[in-house]
Amino acid sequence: MRRGFSLAYVLTLAALAFLLVGLAINSSLQLYRREQQQRHREQAILYSKNGLERAVARLAENPEWGKQPTDGLVVPALAGHPADACARVTFDPSSPDASVNQLDRDGTAEVPKNTVHLWSVGSYGGVKVRTEAFVAKPQFPFAIASSGPLRTSGSFFTGTVDDPAKADLALESPEFQQSLKQASLLSNGDSVSLLGSPVHITGDVVCHGSVERGAGVLVDGEVRSHASAKQIPHFDMASFDTAGKPLLDEIPPGDLSRSSA
């Protein structure tokens, strides 16, 4: 009986050992699959973002791109990546991931006028990720454009509102934020220095030279240094000097208000 009991005891321990080993292997496999899934998702996100970047660059070169159902682009798989790795942007309305170009069009409730709604679908190893972006065409390409350098100090904010009455609202108010659109800065000079705090640029910062940003600076768009110079109007500043011109009224300091004619 003792020998039989010992054999049963050993068999029980062996079964438990096999069970524990099986559980450990299963747990390791599940962990490996989760990590692999996460790696594939991260790669799919990168492909998706790359598709968006290429679509925005294509629109900058040709605003008419995307107005035909056959328009679109594909970012192919890199060397060593799975065969399904890619990013796709399509304007085919039959696709559930169709992008819409309303530049210089009346627009709809979903996609307003002068706006492009982009969807980029990134794939990698069976994982798909969709990235969405709205690209708006402002009424003016740049809120401030200078042939020379630009420098800010203290607090500074650039934004666009269509209704001038809303320009008096507090920046942090919900009504102002809902009506706020992007506004960009351009310098054809050798530098843009965004210093001071808070500084908030809702659009891009484009400079022919270098761009310097302080710690309290927020730029919602792209920062493009060493960009090609852009064409901007030339003003003869002397022609704006009213001194010595007829019908000139001198307004004492503090007397000018928004309601003045």
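Helices (H or I, at least four residues) and strands (E, at least two) are DSSP runs, numbered from the N terminus. Ser-48, for example, is found in helix H1. The model is predicted: local features need pLDDT of at least 70 and side-chain atom pairs count only at pLDDT 80 or more, while totals for chains, interfaces and linings use all residues. Residues are numbered from 1 along each chain as its sequence is written, and side-chain values use heavy atoms, with hydrogens and water left out.

**The chain as a whole**

The protein chain contains 2 helices and 15 strands. Its radius of gyration, taken over C-alpha atoms, is 30 Å, well over the 18 Å that the globule rule gives for 261 residues, so the chain is more spread out than a compact globule. The globule rule is 2.2 Å times the number of residues to the power 0.38. Along the principal axes, the C-alpha trace of the protein chain spans about 125 × 45 × 35 Å.

Of the 261 residues, 27% count as buried. Buried means under 20% relative accessible area, exposed means over 50%, and partly exposed lies in between (1.4 Å probe, protein chains only). The protein chain exposes about 17800 Å², of which carbon and sulfur atoms supply 56%; accessible areas come from the Shrake-Rupley method with a 1.4 Å probe, and for residues only the protein chains shown count as cover.

Contact means heavy atoms within 4.5 Å. Among contacts in the protein chain between residues at least 6 apart in sequence, 44% join residues at least 24 apart.

The chain carries 24 positive and 28 negative side chains, and the centres of the two sets lie 16 Å apart. Lys and Arg count as positive and Asp and Glu as negative, whereas His and the chain ends are not counted. The place of a charge is taken as NZ of Lys, CZ of Arg, CG of Asp or CD of Glu.

**The nonpolar cores**

A nonpolar core is a set of buried Ala, Val, Leu, Ile, Met, Phe, Trp, Tyr and Cys residues joined through side-chain atoms within 4.5 Å. The largest such core has 18 residues, of which Trp-65, Val-89 and Leu-118 touch the most other members. At least two residues of this core come from each of helix H1 (2-61), strand S1 (72-75), strand S2 (86-90), strand S4 (115-124) and strand S5 (127-136). H1 supplies the largest share of the core, 5 residues.

With neighbours within four places in sequence left aside, Leu-118 is in contact with residues including Leu-52, Ala-55, Val-56, Leu-59, Val-89 and Val-135. A second, separate core has 10 residues, among them Leu-150, Ile-201, Val-205 and Val-217.

**Selected residues**

The table lists the relative accessibility of four residues.

| Residue | Relative accessibility | Class |
|---|---|---|
| Ser-48 | 0% | buried |
| Val-111 | 4% | buried |
| Arg-41 | 41% | partly exposed |
| His-226 | 61% | exposed |

Ser-48 is in contact with Ala-87, Ser-120, Val-121, Gly-122, Val-129, Arg-130 and Thr-131, leaving aside neighbours within four places in sequence. Arg-41 is also found in helix H1. Not counting residues up to four places away in sequence, Arg-41 touches Val-127 and Val-129. The C-alpha atoms of Arg-41 and Leu-195 are separated by 38 Å, the two residues being 154 residues apart along the chain.

Val-111 has its place in the loop between strand S3 (100-101) and S4. Val-111 touches Val-100, Gln-102 and His-117, not counting residues up to four places away in sequence. Phi of Asn-114 is near 60°, a positive value in a residue other than glycine.

His-226 likewise has a positive phi, of about 55°, although it is not a glycine. His-226 is found in the segment after strand S15 (223-224). Leaving aside neighbours within four places in sequence, His-226 is in contact with Cys-207, His-208, Gly-209 and Ser-210. The C-alpha atoms of His-226 and Arg-39, which are 187 residues apart along the chain, are separated by 34 Å.

Finally, a cis peptide bond joins Ser-197 and Pro-198, with omega about -5°. Pro-198 lies in the loop between strand S10 (191-194) and strand S11 (199-201).
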